[in-house]
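Subject: Structure handover

Hello,

The structure we talked about is below. My notes on the sheet and the aromatic side chains follow it.

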Amino acid sequence: MILSNATVATMTGREPYGLIRDAAVVVRDGRIAWVGPEADLPADQDGPREDLGGRLVTPGLIDCHTHIVHGGDRAGEFEMRLEGASYEEVARAGGGIVSTVKATRAASEEALLSGALRFADALISEGVTAIEVKSGYGLDIETELRMLRAARAIERLRPVRVKTSFLGAHAVPAEYAGRNAAYIEEVCLPALRQAAAERLVDAVDGFCEGIAFSAAELKPLFDAARDLGLPVKLHAEQLSHQGGVQLATRYGALSADHVEYATEADARAMAEAGSVAVILPGAFYTLRETQAPPIEAFRAHGVAMALATDCNPGSSPMASLLLTMNMGCTLFRMTPEEALAGVTRHAARALGLQDTGAIAPGQRADLAIWDVGKPAELAYRIGYNPLYRRIFGGEG
């Protein structure tokens, strides 16, 4: 098909947004066959033509950091905190990650999938064509695998690509309290190897933080990932500086995520390793943090910045990538162009995806068509979804 009379944000080249006005896009066999000014459309590019009336076309959006497979919710503890309960009081009442682990362990694969589909549908309705999904709320072998199986099933039921990350090193379960290294050895490593054997995992993640795991404790997990030929990524420097970025970059990590407490040296290391900084304003907002990620340092060193919802039941109960773009701009002073690159080209890179995130010949025809005139409008409005149509693999 030929999409004509369009404004196309290719997210390539040196022009802002890679913008082409009065443009056409030719889609053939699920790929972009040609894109450019409509006046230059080659005569041999034929097929059904659709006039888009000047609408904006962007790559399909990509949510590169989510936890949408989980059991239960934590609305009760949200209410408790607002009524003045401390973190310890919430924990004693059975809240926090312990609550989610308990609910996730009790849930069947079917129930986990059903819950995840609600969030996937919300994201798809905003033009999302690829979603990353993490495990990490089982903290035992059986449940971690069940979460990954549910994540894999999403793309069989919905027109969306799913990339999975094994996050067994998300927290230490109660039965291993004070025995972090034993938990990694006895639970994480066997679960990872089984997940890899079942082809359930695309990357390996961890949480490097004072309340979770140290860099030294995560090293055996990353060594195992390297032995299995799996890329790594890391929740790093979110609440304090623990050396997570330096660990991740030594392994050539796809990304380091959160990174509020990352330093100039961390930004330099990420640039050298080619690791993407995944910015997660939903957690910053929900936790009422005050330490913002070092956006200027990332810019100065040429670190690619992605944006993602971090959709999860505790610290970022948000399932809107459009709102995430707005928050990246308003909270962290990212530009609208950086925000759109962060949910397209750079988000694809954070997932190791080579064939999506831009509109160029040979790329998958994963596209979002918007009822807006300017790309900046996607980050500008709040609570408004201007999606006109979504094309996934040339269909739609």
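In what order do the eight strands of the open sheet run? The model is a predicted one, and in it the order is β6-β7-β8-β9-β10-β11-β12-β13, with parallel pairing. The edges are taken by β6 (61-63) and β13 (305-307); each has a single partner strand, so one side of each is left without a neighbour in the sheet. On average, neighbouring strands of this sheet are turned by 25° against each other, direction ignored.

Within the sheet, strand β10 (residues 233-236) runs parallel to strand β11 (residues 255-258), and four bridges join them. K233 has S255 in β11 as its bridge partner. Elsewhere, helix α5 (residues 141-157) lies across β7 (128-134) and β8 (161-169), and its direction is at about 170° to β8.

Next, the aromatic side chains. The structure holds four aromatic pairs. One of them is Y183 with F213: the ring centres are 6.1 Å apart and the planes are at 20°, which is under the 30 degrees used as the limit, so the pair counts as stacked. This pair links distant parts of the chain, since Y183 is in helix α6 (residues 180-197) and F213 is in the loop between β9 (203-208) and α7 (215-227), 30 residues apart. Y183 has a relative accessible area of 0% and is buried. F213 is buried as well, at 1%.

Another pair is F222 with Y251. Here the ring centres are 5.4 Å apart and the planes are at 75°, so this pair is edge-to-face. It also links distant parts of the chain: F222 belongs to helix α7, while Y251 is in the loop between α8 (244-250) and β11, 29 residues apart. F222 is buried, with 0% relative accessibility. For Y251 the relative accessible area is 16%; the cut-off for buried is under 20%, so Y251 counts as buried too.

Which residues form one aromatic cluster? They are Y176, Y183 and F213, so the cluster includes both rings of the stacked pair described above.

Finally, two arginines sit over rings. The charged end of R118 is over the ring of F119, 5.7 Å from the ring centre. R364 lies over the face of F392, at 4.8 Å from the centre of that ring.

Regards

Methods:
Residues numbered from 1 in each chain as written. Predicted model: local features only at pLDDT ≥ 70, side-chain atom pairs only at ≥ 80, totals over all residues. Heavy atoms only, no water. Pairing = 2+ DSSP bridges. Helix = DSSP H or I, 4+ residues; strand = E, 2+ residues; numbered from the N terminus. Axes fitted to C-alpha atoms, helices over the stretch in contact; angles between N-to-C directions. Contact = heavy atoms within 4.5 Å. Phe/Tyr/Trp six-rings, centres within 6.5 Å; stacked < 30°, edge-to-face > 60°. Buried < 20%, exposed > 50% of the residue type's maximum accessible area, 1.4 Å probe, protein only. Lys NZ or Arg CZ within 6 Å of the ring centre and 35° of its normal.
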